[in-house]
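Please consult the sequence and the coordinates alongside the text.

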Amino acid sequence: GLTNVEALCNDATKVNPALPQADRILADVPCSGLGILAKKPDLRYKKLEPAREAELLATQSAILDTAAQLLKAGGRLVYSTCTFAPAEDEEVISWLLKERPSLFLVSMEDYPGFSAGVPSWGDQNPELEKCVRIFPHKMQGEGHFLALLQKEGQAGPSALTAKGSPLAPAIRKYLEEFFREIGLKSIGGQPIDWNRMEVRADKVYYLPPVSCNFRGITFLRNGLYLGDLKKNRFEPSQPLALSLRKGEAQAVISLSVEDPRLERYLKGETLIIEPGEAAHEKGWHLLCVQGYPLGFGKLVGQTLKNKYPAGWRV
């Protein structure tokens, strides 16, 4: 339901020139996983094979170097693992600081149970104390390591602007018909911007307000997934339903938490709608629970055909 997300899936060990530079990067890297002792106590006796350890270190270093290159001036980068191994924690950060001198460590807000990084487990750089170690005997949870880094300089405002592909007249017509049917004039609290629409393989997306051309980059979600183009119609998606705010759609059916039909809807069953409960006698409606969107349904007479996703049903 988020309206400002591009979900991409690419090799993080290489810099793709099509990617824009970022203000914030989280590098939660593959690691040996030695911090999950609470789940797997036998890990305390485990020793990584040298080849596997070398593979992990190479991957972690490559991901960090990619992140450093994609980070804007003034931008911040978080590196995290779920291992105790110094070779994958302080030593990797020591390496990065030498390779990328424009980066420096930043102290994080303290939290009860946090432990400082250990300079002797790196290259004796006292700055490594700004890293954080989390031990399961000091905090409820598992073992982790994290470091917050910042790049020197100050970033200017982003020059990227969202621009979709012009919609074919027939496609825009189907979308306009659906928006009129449910009385929708805004998405994410802003008036609908047709320049942010894009169609890929019969799926309609609403691009984030700040975006760029991701052609050639594998993506999972290109902004907000609005729905699918079927034969002579548009069928809305569950992400669109969850993105809508109270009052944005007019064709709404509201249920209380105590209404027994709520459980039936979550099971994927059809519902009987009483006279006066729906905005229109037929067509698409947004089902809400005490003002919060739950999903779509299509009303025929007094029967609401359930459009709750099959994989979400209880």
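The points below go from the overall fold to individual residues.

This is a predicted model, in which local features need pLDDT of at least 70, side-chain atom pairs count only at pLDDT 80 or more, and totals for chains, interfaces and linings use all residues. Residues are numbered from 1 along each chain as its sequence is written, and side-chain values use heavy atoms, with hydrogens and water left out. The protein has five helices and 19 strands; helices (H or I, at least four residues) and strands (E, at least two) are DSSP runs, numbered from the N terminus. Its radius of gyration is 25 Å, well over the 20 Å that the globule rule gives for 314 residues, so the protein is more spread out than a compact globule. That radius is taken over C-alpha atoms, and the globule rule is 2.2 Å times the number of residues to the power 0.38.

**Overall dimensions, surface and charge**

- Taken along the principal axes, the box filled by the C-alpha atoms of the protein is roughly 75 × 45 × 35 Å.
- Of the 314 residues, 42% count as buried (buried means under 20% relative accessible area, exposed over 50%, and partly exposed in between, with a 1.4 Å probe and protein chains only).
- The protein exposes about 17,300 Å², of which carbon and sulfur atoms supply 52%; accessible areas come from the Shrake-Rupley method with a 1.4 Å probe, and for residues only the protein chains shown count as cover.
- Among contacts (heavy atoms within 4.5 Å) between residues at least 6 apart in sequence, 69% join residues at least 24 apart.
- There are 39 positive and 37 negative side chains, and the centres of the two sets lie 7 Å apart.
- In that count, Lys and Arg are positive and Asp and Glu are negative, while His and the chain ends are not counted; the place of a charge is taken as NZ of Lys, CZ of Arg, CG of Asp or CD of Glu.

- Serine 32 is placed in the loop between strand E2 (22-28) and helix H1 (50-70), and it counts as buried because its relative accessibility is 11%.
- The side chain of serine 32 makes a polar contact with the side chain of glutamate 88 at 2.6 Å.
- A polar contact is a pair of N or O atoms within 3.5 Å; within protein, one must be able to donate a hydrogen and the other to accept it, and residues adjacent in sequence count only if both atoms are side-chain atoms.
- Not counting residues up to four places away in sequence, serine 32 touches Leu48, Leu56, Thr83, Ala85 and Glu88.
- Aspartate 65 belongs to helix H1, and its C-alpha atom is separated by 7.9 Å from that of threonine 13, 52 residues apart along the chain.
- Aspartate 65 also touches Trp95 and Arg100, again not counting residues up to four places away in sequence.
- In helix H2 (residues 90-99), the residues Glu90, Val92, Ile93, Ser94, Leu96 and Leu97 are buried.
- The cover over the buried residues of H2 includes H1, strand E3 (71-81), strand E4 (103-105), strand E6 (132-134) and strand E7 (144-151).

- Arginine 200 is found in strand E10 and counts as buried because its relative accessibility is 15%.
- Leaving aside neighbours within four places in sequence, arginine 200 is in contact with Tyr205, Arg215, Phe219 and Asn222.
- Alanine 201 lies in the loop between strand E10 (197-200) and strand E11 (203-206); with a relative accessible area of 76%, alanine 201 is exposed.
- Although not a glycine, alanine 201 has a positive phi of about 50°.
- Aspartate 202 lies in the loop between E10 and E11 and, although not a glycine, has a positive phi of about 70°.

- Alanine 249 lies in the loop between helix H4 (238-243) and strand E15 (252-255) and is buried, with a relative accessible area of 7%.
- Alanine 249 and lysine 185 are 64 residues apart in sequence, with a C-alpha to C-alpha separation of 7.7 Å.
- Not counting residues up to four places away in sequence, alanine 249 touches Ile182, Gly183, Leu184, Leu244 and Leu286.
- Leucine 294 lies in strand E18 (residues 292-300) and counts as buried at 17% relative accessibility.
- Leucine 294 and leucine 242 are 52 residues apart in sequence and 6.5 Å apart in space, C-alpha to C-alpha.
- Leaving aside neighbours within four places in sequence, the contacts of leucine 294 include Gln238, Leu242, Leu262, Tyr265 and Tyr308.
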